[in-house]
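Take a walk through this protein, from its overall make-up down to single residues. Keep the model open while you read.

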Amino acid sequence: MSEPRVRRAEIAVEQAHVDRVYTRLAELRTQAEAMRAKGYELGQGAQREAIFEQASMLFERDMMVYHANQTLQTLDAEYEGLVFGRLDHLDREHIYVGRLGIRDTEFDNLVTDWRAPAAAAFYQATAEEPMDVVRRRVIRCSGQTVLDVDDDVLIADAVPEDMQIVGEGALMAALGRSRGEKMRDIVATIQKEQDEVIRAPWRGVTEITGGPGTGKTAVALHRAAYLLYRHRRQLGGAGVLVIGPSGVFTTYISRVLPSMGETNVELRALGEVLDGLEATRQDTAALAAIKGSLRMRKVLLRALRETPPEAPAELKIVYRGEVLKLTARELDKVRRKAHTQGAPPNRSRVRVAELLLAALADKAEEYAKADGKEIDRAELINDLGERIDFHRFLVVWWPVLYPAQVLKWLGAEKRMAAAAKGILNRNEISLLSADFADRSRGWSVADVALLDELRVLVGPEPKRRRRQTVVEVAPERGSSGGAPHRPEHYDEYSHVVVDESQDLSPMQWRMIGRRGKYASWTVVGDPVQSSWPDPGEAAQARDQAFGVKTTRRRFTLRTNYRNSAEIFDLAAKVVAGHAKADELPKAVRTTGIEPEVRPVDQAALATATQSAAKELLGAVEGTVGVITAMDRVEEAEGWLAGQADERLKVVGSLDSKGLEYDAVVLVEPMDLVTESSTGRRVLYVALTRATQQLIVLASNPDWLPDS
């Protein structure tokens, strides 16, 4: 038969099996719904039973309803593209691989869960080590419909005469397909080097490095799903935290884990790690570098120890006709003594009251001695300690501190200078105070780590006032779709995944480390893409965040599956002076389409961007990204407001990390170079977002190295 006829025949074979799977899926769903209904019936019956039987019946009801709901949730999550692979072994046995393990009524396997040991060969088998697999088939579906199949032959001389082989190989076929707005899970095209990372032991720290397009993010997410599947008892209850660089990125990857049935996973951007706050604004590179440095912890510690701006400068109180007075200097001495005892300010009020009363008693004894009298010290302290005027002074002079409030105080340059003396230089002090003084734009992503640091330094507010969060807004928690509600500032995650880790500041590592103090870690990054100017300081903070771990393993992914070789060659030229040759991945796919660099005048930039975007929307089936410097995103969105195509996205350079588009329009590359302290690295990231076509619009040619 001709190749098209063979392909159609093989699609029909697989469609028959997929139909059987979905029929069984419907049966399982009906059974789960019946179980849930029976559970509710038990609950109604329990109301009519004797009290001693009621508790047992209600427990049985709760368990039935819980398991039924869990089953229904899993079946619904796995519905799309449930079956994606098939393995044909030397013994002529075959297994189907999919998102979920399903058995028929005779308990024979219809689908094997991709995380099960029996499915490992789907990812690990190669022609050199075939693991008894003759043919590996990838089945591409849309809903319940089989669209295509692609085969790899691993033992050529063992192919039976009646076995049909279709396609050019699963991976290369997958690479040419268009991208959607959400990251597609790659369970059907995971390669051996990636699979080794996914199935690595869960304890300790697993680091994944590799250049653009090597699948680091997808591998990390699949690793989280695999670990929850294999080690659910150890990891499932406490949950998994996944941290990405931006809200754009977390939205992009949001469907991956739920699509594999994993909902006990919390997904947060760096600007959302602190409960009650969602920051999206990015600081300038210079400002972010100051805020992210470990020096800021010393500044914050000094700032909260300063006298609050509204605090009274003296304490006057009448005791038995005598005016007892503590001057500003005496009050400062009490404040210093309170802070040197180490407890957070919000937990120190009782101790502060004792110190103030002791100081007042000292003053009273001093007055009495001068008059040749004596006082009962204990009686004085007891009497003054119950006075309403004393407590009114105390709550103003030693108020409950909120992190946001402390940062706002630093908007006064004089106050900032006092807190940062000997730590920051004059220019840094001016930059910070001006930024904290202007709250009209809200908090920045870099501010979140400072607020979290202050949250710990000031301590929890008194219980009777816990209605507010540390940033004085209502707390909201984000998740991948079904994670249970957790306490505020939850820090007991069993596993933490950090993506784009090369960009984290030392203060951000401290923030994340608090959430992972009991966790194992998966850390994803690429030093070549780093936008943080002091990697040594960041590495120190990262190691402290990991804590004492028994095991630390590192994997390097070296194959770029995303970019065409033509596109990646241009990106490699741009970053060549900032990376060693062995730090760059190898692009394995060629398209024959060279990236296009278009010189353009500044005045014509809007028109050129519109034209390039329209051209690429017509050239590719998938998404088109327009990437600009961070401060130009709104302007570019205005240029393209008339092009109402949901496939078109405008994104800033820093927010583009981790994303991919079928085609990209890169606007003014020199803007990307100059906006960051690691400029060419940021440009390198932007140039590697496109899978098929790239157009660069540039009024300044200096970004492009000489050939």
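How many helices and strands are there in the protein? There are 26 helices and 21 strands, each a DSSP run numbered from the N terminus (H or I with at least four residues for helices, E with at least two for strands). The model is predicted: local features need pLDDT of at least 70, side-chain atom pairs count only at pLDDT 80 or more, and totals for chains, interfaces and linings use all residues. Residues are numbered from 1 along each chain as its sequence is written, and side-chain values use heavy atoms, without hydrogens and water.

Start with the whole. The protein has 707 residues, and 54% count as buried; that term means under 20% relative accessible area, with exposed over 50% and partly exposed in between (1.4 Å probe, protein chains only). The accessible surface is about 32,200 Å², computed by the Shrake-Rupley method with a 1.4 Å probe. Carbon and sulfur atoms hold 50% of that surface. Now the contacts, meaning heavy atoms within 4.5 Å. Among those with a separation of 6 or more, 75% join residues 24 or more positions apart.

Next, the interior. A nonpolar core is a set of buried Ala, Val, Leu, Ile, Met, Phe, Trp, Tyr and Cys residues joined through side-chain atoms within 4.5 Å. The largest one has 66 residues. L666, L687 and L694 have the most contacts inside it. Beyond four places in sequence, L687 touches I567, L570, A571, V574, L666, L694 and V696. Another core lies apart from this one, with 53 residues, including L274, L300, V445 and A519.

Helix 20 spans residues 506-515. Because 9 of its 10 residues are buried, helix 20 is largely enclosed by the rest of the structure. Among the buried residues are W509, M511 and I512, and also R514 and R515.

Two helix pairs come next. The axes of helix 11 (residues 295-305) and helix 19 (residues 445-458) come within 10 Å and cross at roughly 50°. Axes are lines fitted to C-alpha atoms, for helices over the stretch in contact, and angles run from 0 to 180 degrees between N-to-C directions. Helix 11 and helix 19 are therefore oblique to each other. The scale is this: under 35 degrees is roughly parallel, over 145 roughly antiparallel, 65 to 115 roughly perpendicular, and the rest oblique. From helix 11, M296, R297, L300, L301 and L304 meet L450, E453, L454, L457 and V458 of helix 19.

Helix 10 (residues 285-292) and helix 18 (residues 426-437) also have axes that come within 10 Å, crossing at roughly 95°. This pair is therefore roughly perpendicular. L287, I290 and K291 of helix 10 meet E428, L431, L432, D435 and F436 of helix 18.

V133 lies in strand 5 (residues 133-142). V133 is buried, at 0% relative accessibility. Beyond four places in sequence, V133 touches L87, D88, H89, A121, A125, L154 and I155. T559 is in strand 15 (residues 559-564) and is buried, with a relative accessible area of 18%. Beyond four places in sequence, T559 touches E193, G213, T214, P585, K586 and V588. S246 sits in the loop between strand 8 (240-244) and helix 8 (247-253). S246 is buried too, at 5% relative accessible area. Leaving aside neighbours within four places in sequence, S246 is in contact with A269 and D655.
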